[in-house]
Amino acid sequence: MDKHLVVSIVLLTSGIFLAPFASNMLRIPVAVGEVIYGIILGNSFLHLIHQSQWLDFLSNFGFLVLMFMAGLEVKLTEIKELTLKEKLTVFFVPVLIFAVAFLFGRFFHLKTIISIAIGAVSVGIVVSVLREKGILSTHYGKILFLTGTVGEFLSIFVLTIYSIIVKFGVGLLFFMKIAQLIVFFTVARIILLILKSLMWWYPKEIKIYFEKNPTEIGARISLAIMFALSALATLIDVEPILGAFIAGMIFSTVFPNTEKIEEKLSGISFGFLIPVFFIYVGIKFQMPHINEHLLVLLGLLTAGSYIAKILPSLLLVVTGIDLKKSVSAGFLLSAPLTLVIVTAEMGKAMNLIDHHQEAALILLAIITGVISPVFFNILNKESKVENSNS
């Protein structure tokens, strides 16, 4: 094995081990700490970890698993339990977020992919912060989480549609690809119905496979469906992240209590594959020259991200959430670390943005990932003592 690869593997695994401890000391999200670790040891500064096909594969694998685990967070059954007013709110807030993001981008002449990054919503940091404060099960926590869930699905959907437009334009090919996308969702729906039928007819047998089985049949089925839908998405020229995300959604719908599946997969996922993805993002990142143009762009993106999330979040007051908490919800939704990085990576791969703009988006993800939870906690100091009826 090449010596450079051996050194890279050792340093990579060391970062996976050390990042959580360093992140806790610095009070930043672990994913942010992993990206920073990669930046320090990668192309930007020390050049100790080098890119390779092996690390590329692990990073892409971790990326798909990350999207699958994000899909598992989608709780459609919880959305069904909401009142009509609450359902409309959790659906309209994400739509308004993208409306504001596109208006902001149009006003400042930003590229569409950058506007998508400004409007992107992800539940990763949202869930982490709500769990840490012990308010995930409260009315406020559920509304905020479900708003983020709908926002994440909408973000991936918008990103997928835009990538199709970029690749094929708005013409016959575009409508053919949309038809293929409908077929993709139909296949996903059929898989969902088959699994739900099996769960209905053989609940005990299926439950055993996913809970107590030495051959880990449940985990194998989960990953098999994830890869199958990701491959199907790739075959129709759609980003594979959509397939992985939909696969996670299927399992969260069929098995309302996905804790067992998450427990089986989270060890290797959050303990190795997903950290590899975030560290590798940092490794590939090349710190641009800090100049006035970069600082202005970064400031503009940061302002746009907060404006796009906070203004629509004010609608949460119609669900009984007070104004202060609605504003704090907007701050927390402004930390879509994963999807901003994903959008930056896709934008660069499709030659929609240059290195300078990609760097600004990754820096945006790091900055909002660090300061958004801080603002949320400041505005919700009393939330730790709230009961589930608050």
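## A first look at the chain

The chain carries 28 positive and 24 negative side chains, with the centres of the two sets 4 Å apart; here Lys and Arg count as positive, Asp and Glu as negative, and His and the chain ends are not counted. Each charge is placed at NZ of Lys, CZ of Arg, CG of Asp or CD of Glu. Welcome to a predicted model, in which local features need pLDDT of at least 70, side-chain atom pairs count only at pLDDT 80 or more, and totals for chains, interfaces and linings use all residues. Residues are numbered from 1 along each chain as its sequence is written, and side-chain values use heavy atoms, leaving out hydrogens and water.

**Overall build**
- The chain has 17 helices and zero strands (DSSP runs numbered from the N terminus: helices are H or I with at least four residues, strands E with at least two).
- The C-alpha atoms fill a box of roughly 60 × 55 × 55 Å along the principal axes.
- Of the 390 residues, 54% are buried (buried is under 20% relative accessible area, exposed over 50%, partly exposed in between, with a 1.4 Å probe and protein chains only).

- Lys-85 sits in helix H5, residues 84-107, and counts as exposed because its relative accessibility is 52%.
- Lys-85 and Val-318 are 233 residues apart in sequence, yet their C-alpha atoms are 7.6 Å apart in space.
- Ser-326 belongs to helix H15, residues 323-333, and is buried, with a relative accessible area of 0%.
- Leaving aside residues up to four places away in sequence, Ser-326 touches Ser-313, Leu-314, Leu-316, Val-317 and Ile-321 (a contact means heavy atoms within 4.5 Å).
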